[in-house]
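Some notes follow on one stretch of strands and on the ligand site. Please read them with the coordinates open.

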Amino acid sequence: MRRVPSCLIGSELDMHLKLYARGLRPISVVSPRSFVGRISCSGNRPLPTDVLLLKDRPGELPPGFRAYLLQEPADVAGSDVYVLPPELHYLATGDVVRIDPQRLAVSALYRRGSRSNALLVTEQCDNYCVMCSQPPKEADDSWMLKELMTEVIPLISPETQEVVITGGEPGLLGLGLIGLLELLKHTLPRTAVHVLSNGRRFSGADFASRVAEIRHPDLMFGIPLYSDLPEEHDYVVQARGAFDETMRGIIHLKRSGVRVEIRFVVHADTYQRLPNLADFIARNMVFVDQVAIMGLEPTGFAKTNLDALWIDPMDYQTHLAAAVKSLSRVRLNVSLYNLPLCLLPPDLHQFARKSISDWKNVYFDECRSCARQGDCAGFFTSSALRRSRGITAFAGPAQE
Ligand code: SF4
């Protein structure tokens, strides 16, 4: 009899961040014997890759299944039983996980019920943003793209609304990114693809043309721009010359016919220039397809640098209102992500989106009696590290 230890996801992440903070290169935490499986909650007709999810106490593994996933720790025999950490108890039939037998670790890779799934393709990046939520790593992680293309994408439901390709910097994959987009076009033709990129690799027109030649039916690049002043943008992304490359990347993508969203994260180093950036976009870049302005997620480097980066959204309301006004005036499509309604001026509520993935979306005690919770973005689980002074429930009957 063997005690199954709980999973290691959280501690692995912390270890990586600590190593990185000390200037060390983290090693890969995925063992070569890891495998990808699709979750099934019933014992019927499994695919060869299926893993069976149960609450506790398995019997003999039914034929055809690769492993058991348990929600409760249990004394069990055998090497095919893994325990989900509580933060992964939301997993359900059709979701896709990576299981690392050596470390007894389980990672969620795809959720069938989610409107938008983020697929991590690399942790390498040529920016080093002060608020990066996914701090870059230098180690060779080419296995990520290979695993995604050969093991994960074939298990994704064709009914999935959208996948987000994220990193690191997906543009660093070069032709690997082209191959990925072609595969997505053919395997998931009804699924929108949103690529989160810093745009720098598209500063040469050829790469942008290669992307356009794929003719994906529903593709958009989300590219951050943090200031109209090159030196301020370069400071935020910690890369000299990045502004020029990003601007040229945006122009090349648009000139090739690829849709582009400009993204902006509001924090203490960026909020003052937000109205100027909005004027700059409204004057010079009305050809972009949409603009997303986002509240800070206190994780990764944003958590490490939180003392320097935190600003109460109540204190940048006027900057936000001015920016939205400039962008709306030229009929640009503007969205506000990760910003609770009670922290926005009323005339900005129409721009706010419920944007936080449900598995990391929380509401505070004040929200229990709030009439607007149904259409409010709420908070990240990590938002409790800093709370705005403006969190106040709306009175009245609940709205959907
Ligand atoms: S009280 Fe909570 S639910 Fe209501 S608007 Fe504020 S953050 Fe949203």
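1. Strand β9 (residues 116–120) runs parallel to β10, and 5 bridges pair them. The model is a predicted one. Within this pairing, alanine 118 has valine 164 of β10 as its bridge partner.

2. Is strand β10 (residues 162–166) mostly covered or mostly exposed? Mostly covered: of its 5 residues, 4 are buried, where buried stands for a relative accessible area under 20%.

3. β10 also pairs with strand β11 (residues 192–196), again in the parallel sense, through 4 bridges. Here glutamate 162 lies opposite alanine 192 of β11. A right-handed β-α-β unit is formed by β10, helix α3 (residues 175–187) and β11. β10 therefore has parallel pairings with β9 and with β11, as strands count as paired from at least two bridges.

4. Where does the ligand sit? Its place is the second largest cavity. The residues around the ligand include four cysteines, Cys342, Cys367, Cys370 and Cys376.

5. How many residues of the ligand shell are nonpolar, polar and charged? The count is 10 nonpolar and 2 polar, with no charged residues.

Key
Residues are numbered from 1 along each chain as its sequence is written. This is a predicted model: local features need pLDDT of at least 70, side-chain atom pairs count only at pLDDT 80 or more; totals for chains, interfaces and linings use all residues. Side-chain values use heavy atoms; hydrogens and water are left out. Buried means under 20% relative accessible area, exposed over 50%, partly exposed in between (1.4 Å probe, protein chains only). Helices (H or I, at least four residues) and strands (E, at least two) are DSSP runs, numbered from the N terminus. A crossover is right-handed if, with the strands pointing away from the viewer, the path from the first strand over the helix to the second runs clockwise. A residue is near a molecule or strand if one of its heavy atoms lies within 4 Å of it. On a 1 Å grid over the protein atoms alone, a cavity is a set of points where a 1.4 Å probe fits but cannot get out, and a pocket is an open set with protein on both sides within 12 Å along at least five of seven lines; lining residues have an atom within 4 Å of a point. A molecule sits in a cavity or pocket if more than half of its atoms lie within 2 Å of its grid points. Ala, Val, Leu, Ile, Met, Phe, Trp, Tyr, Cys and Pro count as nonpolar, Asp, Glu, Lys and Arg as charged, and the others, Gly among them, as polar.
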